[in-house]
Amino acid sequence: GAVVSQHPSWVICKSGTSVKIECRSLDFQATTMFWYRQFPKQSLMLMATSNEGSKATYEQGVEKDKFLINHASLTLSTLTVTSAHPEDSSFYICSARVGRGGTDTQYFGPGTRLTVL
Amino acid sequence: KQEVTQIPAALSVPEGENLVLNCSFTDSAIYNLQWFRQDPGKGLTSLLLIQSSQREQTSGRLNASLDKSSGRSTLYIAASQPGDSATYLCAGRNYGQNFVFGPGTRLSVLP
């Protein structure tokens, strides 16, 4: 089946630094990619939707200047957490959608655990 | 907007029991519903996907049902094993929309 990878799988950084997380669809081209955040013992919350070559659409309450999303190609999307703070520590999961309309399918990456000290 | 809830929040059963996890959604115009498994600190593993035109899907010891009229889906796990211990998430999706996830059910199967 289709595979979505994320890199890194975990990262620890100091407060105030920026961290970039990559999401790649390995054997398919994704029309759309999604970024989710999951706090401990909570469910996934959608942060933003990105389409290749266009600006991401952010969910209400998500700061677009803090969480920069770049969808450079049909197989790569990056999430950059700028000026990270301890409250940004979370599990970030991306997913990639292939197809449109009634035949689209969404595949999820393994997640990236971010810890901000 | 679709909202998804799951009960119970946590469940502990002895090995070998059959069990049912419940998922409820608010919008009957749901396009599809998917059940996932998440191990601690890990990503999501897709278990079963049910399209709106389907009533159930089966994979091995797992059976998922979908009842749009009542806004419910159930995940049935037969002959539970300690390896089934994980958090189970259901996610509903309307046409053209993104998945909305439930809070999950943390399952512990005791040997």
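This is a predicted model: local features need pLDDT of at least 70, side-chain atom pairs count only at pLDDT 80 or more; totals for chains, interfaces and linings use all residues.
**Exercise 1. Which side chain meets that of Asp88(A) in a salt bridge?**

Residues are numbered from 1 along each chain as its sequence is written, chains are lettered from A and ligands numbered from 1 in the order in which they are written, and side-chain values use heavy atoms, with hydrogens and water left out.

*Solution.* Step 1: recall that a salt bridge is a side-chain nitrogen of Lys or Arg within 4 Å of a carboxyl oxygen of Asp or Glu. Step 2: the partner of Asp88(A) is Lys66(A), with 2.9 Å from N to O. Step 3: this pair links distant parts of the chain, 22 residues apart, since Asp88(A) sits in the loop between strand 8 (76-81) and strand 9 (90-98) of chain A and Lys66(A) in the loop between strand 6 (57-58) and strand 7 (67-73) of chain A; strands here are DSSP runs (E, at least two residues), numbered from the N terminus. Step 4: both Asp88(A) and Lys66(A) are buried, where buried means under 20% relative accessible area, exposed over 50%, and partly exposed in between (1.4 Å probe, protein chains only).

**Exercise 2. Describe the salt bridge of Asp84(B) and Arg61(B), and state whether each residue is buried or partly exposed.**

*Solution.* Step 1: the side chains of Asp84(B) and Arg61(B) come to 2.8 Å, N to O. Step 2: Asp84(B) belongs to the loop between strand 8 (72-77) and strand 9 of chain B, and Arg61(B) to the loop between strand 6 (56-59) and strand 7 (62-67) of chain B, so that distant parts of the chain, 23 residues apart, are linked. Step 3: Asp84(B) is buried because its relative accessible area is 7%, whereas Arg61(B), at 29%, is partly exposed.

**Exercise 3. Describe the salt bridge of Glu22(A) and Arg24(A).**

*Solution.* Step 1: the closest N and O atoms of Glu22(A) and Arg24(A) are 3.5 Å apart. Step 2: Glu22(A) is partly exposed because its relative accessible area is 23%, and Arg24(A) is partly exposed with 34%. Step 3: over all chains, the structure holds four salt bridges.

**Exercise 4. Characterise the largest pocket by volume and lining.**

*Solution.* Step 1: on a 1 Å grid over the protein atoms alone, a pocket is an open set of points where a 1.4 Å probe fits, with protein on both sides within 12 Å along at least five of seven lines, and lining residues have an atom within 4 Å of a point. Step 5: by class, the lining of the largest pocket has 12 nonpolar, 11 polar and six charged residues, where Ala, Val, Leu, Ile, Met, Phe, Trp, Tyr, Cys and Pro count as nonpolar, Asp, Glu, Lys and Arg as charged, and the others, Gly among them, as polar.

Note on methods:
Grid points are joined across faces, edges and corners, and a volume is the space filled by probe spheres set on the points. Helices (H or I, at least four residues) and strands (E, at least two) are DSSP runs, numbered from the N terminus.
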